[in-house]
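Subject: Handover of a model

Dear colleague,

Please find the model below, followed by notes on what was found in it.

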Amino acid sequence: MLNPNAFTIRPAKTSDEPTLDWLAALSSRPAVARPALIGDIDGIPAAAISLVDGRIVADPFRPTVALCADLRLHRSGWRARAGRDAARNRVRALVPFLV
């Protein structure tokens with residue numbers, strides 16, 4: 001059974017241009033602006049998001065709702081901010097007078 005939450009997200013490389021064009025053609029939309037992130041389900045590209053404007057193209061024949069939501073979170077920097085805040089809190093715990 002396909003697990004719709006089993007996906008990976010990676011930055012689009014120059015060699016991914018045909019992949020981004022293919023996803024855009026599948027979704028009947030223009031290709032996303034670069035730089036972009038690509039979400040793979042079982043190693044096959046299923047969706048992409050532009051880091052410039054946040055527009056998404058996705059394969060309409062695959063379950064991509066959870067993947068698109070996670071792509072939006074990655075674009076917003078939510079995951080990066082959480083790590084940065086955790087590091088800041090560790091430093092504050094070690095050096096309380098810097099707070």
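A contact in these notes means heavy atoms within 4.5 Å. C68, for example, touches A47, I56 and A58, with residues up to four places away in sequence not counted.

Two points on the basis of the notes. This is a predicted model, in which local features need pLDDT of at least 70 and side-chain atom pairs count only at pLDDT 80 or more, while totals for chains, interfaces and linings use all residues. Residues are numbered from 1 along each chain as its sequence is written, and side-chain values use heavy atoms, with hydrogens and water left out.

Overall layout

The protein chain has 3 helices and 4 strands, where helices (H or I, at least four residues) and strands (E, at least two) are DSSP runs numbered from the N terminus. In order from the N terminus, the elements run β-α-β-β-β-α-α. Of the 99 residues in the protein chain, 29% count as buried; buried means under 20% relative accessible area, exposed over 50%, and partly exposed in between (1.4 Å probe, protein chains only). The accessible surface of the protein chain is about 6,200 Å², and 61% of this belongs to carbon and sulfur atoms. These areas come from the Shrake-Rupley method with a 1.4 Å probe, and for residues only the protein chains shown count as cover. Among contacts between residues at least 6 apart in sequence, 48% join residues at least 24 apart.

Strand 2 (residues 36–41) has 6 of its 6 residues buried, so it is largely enclosed by the rest of the structure. A36, I38 and D40 point one way from the strand, and L37, G39 and I41 the other way.

Strand 2 pairs with strand 1 (residues 7–11), the two running antiparallel and joined by 5 bridges; two strands pair if DSSP finds at least two bridges between them. P11 has L37 as its bridge partner in strand 2. Strand 2 also pairs with strand 3 (residues 44–50), in the antiparallel sense and over 6 bridges. Here I41 has I44 as its bridge partner in strand 3. The hairpin of strand 2 and strand 3 has 2 residues between the strands, and D42 takes a positive phi near 55° in this hairpin.

Nonpolar cores

Which residues make up the largest nonpolar core? It has 10 residues: L37, I41, A46, A47, I49, I56, A58, L67, C68 and L71. The elements that give two or more residues to this core are strand 2, strand 3, strand 4 (56–58) and helix 2 (65–76). Apart from this core lies another, of 8 residues, among them L23, V32, A48 and V57. A nonpolar core is a set of buried Ala, Val, Leu, Ile, Met, Phe, Trp, Tyr and Cys residues joined through side-chain atoms within 4.5 Å.

Salt bridges

A search of the whole structure finds 4 salt bridges, each being a side-chain nitrogen of Lys or Arg within 4 Å of a carboxyl oxygen of Asp or Glu.

One of them joins R10 and D40, whose closest N and O atoms are 2.9 Å apart. R10 lies in strand 1 and D40 in strand 2, so this pair ties together parts that are 30 residues apart in sequence. R10 is partly exposed, at a relative accessible area of 23%, whereas D40 is buried, at 7%. R10, D16 and D40 are linked in a network of salt bridges.

R34 takes part in salt bridges with E17 and D21. For E17 and R34, the closest N and O atoms are 2.8 Å apart. E17 lies in helix 1 (residues 17–26) and R34 in the loop between helix 1 and strand 2, so the pair ties together parts that are 17 residues apart in sequence. The side chains of R34 and D21 meet at 3.6 Å, N to O. D21 also lies in helix 1, so its pair with R34 ties together parts that are 13 residues apart in sequence. E17 is partly exposed at 30% relative accessibility, R34 is partly exposed at 32%, and D21 is partly exposed at 40%.

A33 is placed in the loop between helix 1 and strand 2 and is partly exposed, with a relative accessible area of 30%. A33 touches S50, V52 and R55, again not counting residues up to four places away in sequence. A33 and L20 are 13 residues apart in sequence and 9.5 Å apart in space, C-alpha to C-alpha.

Regards
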